[in-house]
Amino acid sequence: MKSLRCLIGLFLFTAVISAPFAAHSQVLAQTPPMGWNSWNHFRDKVDDATIRRMADAMVSSGMRDAGYTYINIDDTWEGQRDAQGIIHPNAKFPDMKALADYVHSKGLKLGIYSSPGAQTCAHYEGSLGHESQDAETYASWGIDYLKYDLCGLRTEMKAAPSPEAAHKIMIDAYMKMHDALQATGRPIVYSLCQYGEDAVWEWGASVGGNLWRTTGDISDNYTRMSDIGFGQAGLAKFAGPGHWNDPDMLEVGNGKMNDEEYRTHMSLWAILAAPLLAGNDLSNMTDDTKAILMNKEVIAVDQDPLGKEGDRVYSEGPIEVWSKPLSDGALAVGIFNRHQKALTAHVDFTKMGFTGSVQARDLWQHKDLGALPSKYDVEVPAHGVLMLRVTR
Ligand code: GLA
């Protein structure tokens, strides 16, 4: 009897202790994270004032209300460790806790960046040997998101006796930080960044990743963006609520692509159920940039609660047709033209499981198109997209 009571006691204790941790990993990133990250636009020029300005602009532009939540500080915030080994921000960030309070006061969340290596990609202090301490420090500041970027750990991996041993060093390092974050008791979205090496989509979720980069770095360039985006074909089955493929942050509004190309970028990322982390200067956006980043119908495709990543249905040379199933039974369909001139696309809805005519809505024109035949021809602009919501 006594031992039974002991057992029940132990069970209850375990349930109470583990409940918040289990809840975190279940609740976090049920749809792909949305927010902003400093790297694509500001690089090492990011500082406290910039982050506050971006938080203000996130609210005043309407981005927060459109679903963008995380304000993420990327590399170059790190300062020195003190005698106890505790990391401090450098002079650009005088008071991280006060900054987090400010961001939170706007109804937003704050993200930060580190590396499992001794150094980050930009050669700032990494977390190697200080994982628990760093996780605790982040939690004490009120951090809600961590991007953990492999970079410096390559030194340890290169010294490993075999590729398998190098792989294990990486897996262990990612698991270690996951455990450290969990131990803080604070829900912190965990973003793996190791450029898609070793088929990360196969093991990213098992080391606690809520998202994992599937590729090298994006740049504000149609060729690079489209190679990354269309290169995601076949990865859909690895994504789902709580764990997403991450084809890298958005370049929309950074100025080196035209609006047609940025609409392609936004549409493709939505069909991919990709994290939508804007990477531009939110305090200085054209109306076109705002219309692209805040197209609620396209965002709804990305954030659809079914959480299914879309995939390529077929391609005809530079024409690519992709679709994504939505929770209400509709299909989001992207008809893309990768050529540098306008082309006619032969759209075949029978390849997407439809038999007769379909009902379609154009998500960039915000217009119902009415009934379309199961096969129809449509012109798509150079590097452009026709983004539809299709039902029977
Ligand atoms: C790597 C990452 C980028 C960015 C930089 C920062 O290149 O892939 O997204 O975080 O490091 O140094």
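Reader: Which residues of α3 are buried?
Author: This is a predicted model. Helix α3 has 13 residues. Buried here means under 20% relative accessible area. In α3 the buried residues are D48, T50, I51, M54, A55, A57 and M58.

Reader: What do the buried residues of α3 pack against?
Author: Their partners include both helices and strands. Among the strands are β1 (34-37), β2 (70-72) and β5 (109-114). The helices they pack against are α2 (39-42), α4 (63-66) and α5.

Reader: At what angle do α3 and α5 pack, and are they roughly parallel or antiparallel?
Author: Two packed helices are described by an angle and a distance between their axes. For α3 (residues 48-60) and α5 (residues 96-105), the axes lie 10 Å apart and the angle is about 10°. Angles under 35 degrees count as roughly parallel. The two helices α3 and α5 are therefore roughly parallel.

Reader: Which residues of α5 does α3 meet?
Author: From α3, the contact uses D48, I51, R52, A55 and D56. The residues of this contact divide into 6 nonpolar, no polar and 3 charged. On the α5 side stand A98, L99, Y102 and V103.

Reader: What span does α3 reach, and which residue just after it takes a positive phi?
Author: From first C-alpha to last, α3 reaches 19 Å. That is close to the 18 Å expected at 1.5 Å a residue. Just after the helix, phi is positive, at about 95°, in G62.

Reader: Where is R43, and is it buried or partly exposed?
Author: R43 is found in the loop between α2 and α3. Its phi is positive, about 45°, although R43 is not a glycine. The relative accessible area of R43 is 36%, so R43 is partly exposed.

Reader: Which side chain joins that of D74 in a polar contact?
Author: D74 has its place in the loop between β2 and β3 (78-81). D74 is buried, with a relative accessible area of 3%. Leaving aside neighbours within four places in sequence, D74 is in contact with N37, S38, W39, Y113 and K147. The polar contact, at 2.9 Å, is with the side chain of N37.

Reader: Is N90 buried or exposed, and which residues does it touch?
Author: N90 is found in the loop between β4 (87-89) and α5. Its relative accessibility is 17%, so N90 counts as buried. Not counting residues up to four places away in sequence, N90 touches T76, W77, E78, G79 and Y124.

Reader: How many residues of α10 are buried, and which are they?
Author: Helix α10 (residues 259-271) has 13 residues. Of these, 10 are buried, so α10 is largely enclosed by the rest of the structure. The buried ones are E261, Y262, T264, H265, M266, S267, L268, W269, A270 and I271.

Reader: What does the side chain of N258 reach at the start of α10?
Author: The atom in question is a side-chain oxygen of N258.

Reader: What is the phi of A273, and what is its relative accessible area?
Author: A273 lies in the loop between α10 and β10 (276-278). Its phi is near 50°, a positive value in a residue other than glycine. A273 is buried, with a relative accessible area of 1%.

Note on methods. Residues numbered from 1 in each chain as written. Predicted model: local features only at pLDDT ≥ 70, side-chain atom pairs only at ≥ 80, totals over all residues. Heavy atoms only, no water. Helix = DSSP H or I, 4+ residues; strand = E, 2+ residues; numbered from the N terminus. Expected span 1.5 Å × (residues − 1). Buried < 20%, exposed > 50% of the residue type's maximum accessible area, 1.4 Å probe, protein only. Polar contact = N/O pair within 3.5 Å; in protein donor to acceptor, adjacent residues only side chain to side chain. Axes fitted to C-alpha atoms, helices over the stretch in contact; angles between N-to-C directions. Parallel < 35°, antiparallel > 145°, perpendicular 65-115°, else oblique. Contact = heavy atoms within 4.5 Å. Nonpolar A, V, L, I, M, F, W, Y, C, P; charged D, E, K, R; others polar.
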